[in-house]
Amino acid sequence: MVRPHRFHPNPETASDNAFQRTDSDRTVRQMAEDGYREVTEAARRLEKEGVRVHIFEDRGEKETPDSVFPNNWFSTHPGGHVAVYPMYSPSRRRERRSDILEMLKAEYRVQDIIDYSCLEYDGLFLEGTGAMVLDHIARVAYTARSNRADPIALERFCTHFNFEPMAFDTADPGGRSIYHTNVMMSIATDFAMVGFEIMSDRARREEIRARLREMGRDVIELDNEQISEFAANSIELSAGDKRILAISSRGAASLHKEQKDIIEKSIKIVELSVPTIELAGGSVRCMLAGIHLARRY
């Protein structure tokens, strides 16, 4: 996790992120203080549940207002592999940090780092596990097509990391494409939460539903309102000897009882209150860059 000291919604990304909002009732300083507090409390809550958390500070020297969402610029994979991604917005490219990569090499067994960031010079972007929702069991990379998820970059990632690309078109109620797949889809071990209404192609929609069910998962369908409340922007985490679903309080409140019952058959729901961070157009899933590497002992 990255704890921002100068958090605010990024005007550079507002044009294609329909989830972004402004708050005229708070000063820039108040918003930064609230964002800092929310990340601090979220990390504390996850650690209390048994999740191992590495937290890095962003003091704002590089003017990186979206640094709180590190899952977009890097991801880690079993076998000791790390990917570094090409980012669409120039301000987001400055989020890449060598100290985070060095920590991974020191604390975990890293065999290689595959750096795709040079694709930015060719206008090709793939914003990590925001652009892709990875099914690590079936080895499928579900990807909503957008200017932040180029098919060439996706193909390269899937070839390197042995995933099958599964791309699809989307349209929200206003006709706009979804900017990141992880705001409409979350895949856990025993269930998946998906906003099927947003998928434009009916046949592709049913294909994806069937693929998710093939692995024995319960498929929880989220409506457009639940998507807008960030219900899908959640993530399953290992917490000691159990698993939890980290989700924002706002997202959890939008779930129906029967949907919660399905989730709680296998894992505990852990709500994190991040309303200020959500103004930037992302929620809990975006705030967490998962570690799938073996620890050094």
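These are my notebook entries on what I looked up in this structure.

**Entry 1: ground rules.** I note that this is a predicted model, in which local features need pLDDT of at least 70 and side-chain atom pairs count only at pLDDT 80 or more, while totals for chains, interfaces and linings use all residues. Residues are numbered from 1 along each chain as its sequence is written, and side-chain values use heavy atoms, with hydrogens and water left out.

**Entry 2: the whole chain.** I began with overall dimensions and found that the protein has a radius of gyration of 18 Å, which agrees with the value near 19 Å that a compact globule of 297 residues would have (the radius is taken over C-alpha atoms, and the globule rule is 2.2 Å times the number of residues to the power 0.38). Along the principal axes, the C-alpha atoms fill a box of roughly 45 × 45 × 40 Å. I counted 11 helices and 14 strands in the secondary structure, where helices (H or I, at least four residues) and strands (E, at least two) are DSSP runs numbered from the N terminus.

I then turned to surface and contacts. The accessible surface comes to about 13000 Å², of which 47% belongs to carbon and sulfur atoms (areas from the Shrake-Rupley method with a 1.4 Å probe; for residues, only the protein chains shown count as cover). Buried residues make up 56% of the 297 residues, with buried meaning under 20% relative accessible area, exposed over 50% and partly exposed in between (1.4 Å probe, protein chains only). Of the contacts with a separation of 6 or more, 74% are between residues 24 or more positions apart, a contact being heavy atoms within 4.5 Å.

**Entry 3: L154.** Leaving aside neighbours within four places in sequence, I found L154 in contact with L126, M132, A141, T143, P165 and A167. I also noted that L154 and E127 lie 27 residues apart in sequence and 9.8 Å apart in space, C-alpha to C-alpha.

**Entry 4: aromatic rings.** I found eight aromatic pairs in the structure, using the rule that rings of Phe, Tyr and Trp (its six-membered ring) pair if their centres lie within 6.5 Å, with planes under 30 degrees apart counted as stacked, over 60 as edge-to-face and the rest as tilted. The rings of F19 and Y179 have centres 6.1 Å apart and planes at 50°, so this pair is tilted. F19 belongs to the loop between β1 (2–4) and α1 (28–49) and Y179 to the loop between β8 (164–168) and β9 (185–187), so that I read the pair as a link between distant parts of the chain, 160 residues apart. F19 counts as buried at 12% relative accessibility, and Y179 counts as buried at 6%.

I next took F157 and F163, whose ring centres are 5.7 Å apart and whose planes are at 20°, so the pair is stacked. Both of these residues are buried, and together with Y85, Y116 and F161 they form one aromatic cluster. The charged end of R139 sits over the ring of F163, 3.9 Å from its centre, where the rule asks for NZ of Lys or CZ of Arg within 6 Å of the ring centre and within 35 degrees of the ring normal.

**Entry 5: salt bridges.** I counted 30 salt bridges, each a side-chain nitrogen of Lys or Arg within 4 Å of a carboxyl oxygen of Asp or Glu. K268 and E49 meet in one of them at 3.0 Å, N to O; K268 lies in strand β14 (residues 268–272) and E49 in helix α1, so the pair ties together parts 219 residues apart in sequence. K268 is partly exposed at 39%, whereas E49 counts as buried at 9% relative accessibility.

In helix α6 (residues 202–214) I found E206 and R209 three residues apart, about one turn of the helix, and joined by a salt bridge with the closest N and O atoms 3.2 Å apart. The charged end of R209 also sits over the ring of F196, 4.1 Å from its centre. Lastly, I recorded that D23, R26, D34 and R37 are linked in a network of salt bridges.
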